[in-house]
Amino acid sequence: MSSLRFDQVCFSYGNAPCVVQFSCNLAKGELVGLIGANGSGKSTLLRLGAGLLTPTVGQVELDGKPVRSWKGEERATRLGYLPQSIEAPLPFRVGELVEMGRAAARKDHLLSCQEVLAAVGLDGHEQTPLSQISGGERRRAFIAMILAQGGKTLLLDEPLAGLDLRYQYELLTLLRGLCQTHNLTILLSLHDLILARNLDRLLVIRQGQLLADGLPTEILTQQLVQQTFDLDPRFQVVGIGE
Amino acid sequence: MKRHPLFIMLGCLVLVLLLSLSLGQQTVNPFNLDPLQLKIVLDLRLPRIVVALLMGGSLGVAGAILQGVFRNPLADPYVLGTSSGAALAAAFGLLATQGTGIWLVPGLALAGALVTSAVVVSLGRDAWGVRAERLLLAGVGMGFFLSAILMLVMSLAQADGVKRALLWMAGDLAGADWSVVPVAGLLMLIGFVLALARRRGLNALALGDEVAFGLGLEPGRERALLVLAASLLTAAAVALGGIVGFVGLMVPHGVRALVGADARRVLPLSAIGGGMLLCLADTVGRSVLPPVEIPAGVVTALIGAPWFLIMLRRATNGGMR
C-alpha cells in the first residue's frame, strides 16, 4: 500500500517543462531521498506532492485519493510539508510554532508538544523567540511544527540545509526512527551524497526526469553522479564507488 | 503566568483613563467634581476618551493584522495608505451631504479602505507574490497621492476646508462626539471578531503561503478575509477621528515583546494597547500647552516616526526580506 503515488506526472511553468513523466510509489515506512542538480525540479516535485501545484498531466495520489481533493484539515492531518525557505518576520516563540502544527490537524496527535521538541533537540525552548536562535535551530523548530501536525507522510524540502554535521545526522536518525516506529513515509530533498547513503531509497532526477530509483548503495555510482550533475568525467566524487 | 500581561495592561489602562479624565484645559479631580466640572467631564472628555479608545484599539488591531498578513513588521493602515484612502472617500461623503446619515461616512471610509488595500496589494506584488519592500513603497506612494487629493478637495470645497482637512489628516480628536460611535463601534466589533475567528490563518500567513498551505489553509482566502477585517477596522478609526499614524505600527510590537506573536493573544492586547496609547496621546496633546491643543495624531507621529526609523534600521540589519 503506497502512501504517496506520482502517476505519469508532468508539470511546466508557462512553456518551460519542469517535471516530465514522473512516476513513483512511496511505500509506508520508507525514508526516501530526492537528489538532483539545482533547477532539476526537486522543489517542484515536492510542491506537486504537497498539493500546492496541480500537475498539467498525470495524477498525484495521497492515501489513495488525488492530493488536491482532500479537504484542508484532512490533508494537513495526513501530510506535512516543509518548504525550503522558512522565514518568520514576526517574533513567534518555538512553542507557538508547535502549537500551530497541532492546531492544524485533528486531535489524535502522534506526539506531544514536549516529545516533538525533544525529538528535534529543542526541549526547554518553548518560550524562546525564533529571532533569538540560530538558523539551524530555527529549521529544527519548523520541523517540530510539521511533526506536531502528526501526518504520516512528510515532504521536506532540503531539511538538512543550514544544519551542522551533528544535527544533520541527528535529524536523519530521528526521521529514520519515526519511519520505523510510526510507519511514517518521508521524502526529502538533499544535496549531500554521503548522507544520502543512509537513506532507504533514492530518487535521482535530471531536468525533471527520473534518472534512477533504488537502494543508495546500488545506484550511486561515479557515472550516475557525473550524469546527474553534468560533471566533467575526470572529476571523481570522494566516497562514491565505481 | 500567561495572564500577567493582560492584567498589567488593564491596570495601565485604568491609570490612563483617570489621567485623561483629570487633565485638559482645566485639571479636575475625577472623584470630587462640582457641577461645572461634571459637565466638562461628561460632555467633552468622556466622548473624547471613548472615541480615542475605539479608534486606537481599531488601529492597533489593524496593524497587528496587516503586519502578519503581509509578513512585514513595518506595515500598518497609515504606512500602507489605507487610512488615506478611507479618509478621502469619507471626505467626499462629508462634503456631498454635509454629514447627514450616520452610515454614510463610515460606509464610504470602508469602501475607500478596501479599494486602497486592493490597489496597494496589486502594486506591491510581482509574479512570486507580495514583496515586503515593494508593498511598503506602494503604500507610502499611494498615501501621499491620496492625501494630496484630500487636501485639494477640501481646499476647493470651502473657505475653512483646508483647516478642516489639515485637522482631519493630523488626527485631531477635539471635535469628538457620540454621533459616529455606534456605527464605528459596530464596524470595529465586526472587524475584530472576524480577525479573531481567522487567528489561525493570521498566524500561518505570517510564516508564508507555502507553510500556511501545508497547515491545511487556503492562503488566498485567509488573506482576503483578514484584509477585509483590517479595512473594517481602518474605516472605523478614520470615521471616528481621521488619520492617526504609528499607533497600528508600534502597539503590536510592544504586545509581541510581552506575549509572543500568537494572534490569539496579540489581537486582544493590541486593542487594549492601541486604545490606551491614543488616549494617552490625546491627553498629552490637550494638556501640555494650554490653551493650544496639539492633535493626537501629531503626538503619536512625534513618538512614532523616530521609532519607525529605528525599526527600519533594525529590520534591514536583521535581514528583513
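## A walk through chains A and B

Start by selecting strands E2, E1, E4 and E5 of chain A: in that order, these 4 strands make up an open sheet with antiparallel pairing. Strands E2 (16–27) and E5 (65–66) of chain A are the edges, each with a single partner strand, so one side of each has no neighbour in the sheet. Helices (H or I, at least four residues) and strands (E, at least two) are DSSP runs, numbered from the N terminus, and two strands pair if DSSP finds at least two bridges between them.

Before going on, note that this is a predicted model, in which local features need pLDDT of at least 70 and side-chain atom pairs count only at pLDDT 80 or more, while totals for chains, interfaces and linings use all residues. Residues are numbered from 1 along each chain as its sequence is written, and chains are lettered from A and ligands numbered from 1 in the order in which they are written.

**Stop 1: inside the sheet**

Select E1(A), residues 2–13, and E4(A), residues 57–62: the two run antiparallel and are joined by 5 bridges. Leu4(A) sits opposite Leu62(A) of E4(A). Now click on Phe6(A): opposite this residue in E4(A) is Val60(A), and its bridge partner in E2(A) is Cys24(A). E1(A) and E2(A) are themselves an antiparallel pair, with 8 bridges. Their hairpin has 2 residues between the strands, and Gly14(A) takes a positive phi near 65° there.

Stay with E2(A) and pick Gln21(A), which lies in this strand. Its phi is near 45°, a positive value in a residue other than glycine. Most residues other than glycine have a negative phi.

**Stop 2: chain A as a whole**

Zoom out to chain A, which has 9 helices and 10 strands. Its radius of gyration (taken over C-alpha atoms) is 18 Å, close to the 18 Å that the globule rule gives for 242 residues, so chain A is as compact as a globular protein of that length. That rule is 2.2 Å times the number of residues to the power 0.38. Along the principal axes, the C-alpha atoms of chain A fill a box of roughly 50 × 40 × 35 Å. Of its 242 residues, 44% count as buried.

Next, select helix H3 of chain A, residues 94–104. How many of its 11 residues are buried? The count is 8, so H3(A) is largely enclosed by the rest of the structure. Among the buried residues are Val94(A), Glu96(A), Met100(A) and Ala104(A). Their cover includes helices H2 (72–78), H4 (113–119) and H5 (135–149) of chain A, together with H8 of chain B.

**Stop 3: where the chains meet**

Colour by chain and look at the interface: 25 residues of chain B are in contact with 20 residues of chain A. Contact here needs C-beta atoms, placed from the backbone, within 7 Å. On the chain B side, the elements giving two or more residues are helices H2 (35–69), H8 (199–205) and H9 (209–214). H9(B) gives the most, with 4 residues. By type, that side divides into 10 nonpolar, 8 polar and 7 charged residues; Ala, Val, Leu, Ile, Met, Phe, Trp, Tyr, Cys and Pro count as nonpolar, Asp, Glu, Lys and Arg as charged, and the others, Gly among them, as polar.

**Stop 4: into chain B**

Which residues touch the most other members of the largest nonpolar core? In this core of 167 residues they are Ala144(A), Ile65(B), Ala109(B) and Ala236(B). Such a core is a set of buried Ala, Val, Leu, Ile, Met, Phe, Trp, Tyr and Cys residues joined through C-beta atoms within 7 Å. Select Ile65(B) and, not counting residues up to four places away in sequence, you will find that it touches Ala195(B), Leu202(B), Leu226(B), Ala229(B) and Ala230(B).

Move to Ala91(B) in helix H3 of chain B, residues 82–97. Ala91(B) counts as buried, with 27 C-beta neighbours inside 10 Å. Leaving aside neighbours within four places in sequence, Ala91(B) is in contact with Leu150(B), Val153(B) and Met154(B). Ala91(B) and Val153(B) are 62 residues apart along the chain, with 8.2 Å between their C-alpha atoms.

Finish at Phe246(B), in the loop between helix H10 (219–241) and helix H11 (247–259) of chain B. Phe246(B) has a positive phi of about 75° although it is not a glycine, and it is buried, with 26 other C-beta atoms within 10 Å.

Notes. Buried ≥ 20, exposed ≤ 12 C-beta atoms within 10 Å, placed from the backbone. Contact = placed C-beta atoms within 7 Å.
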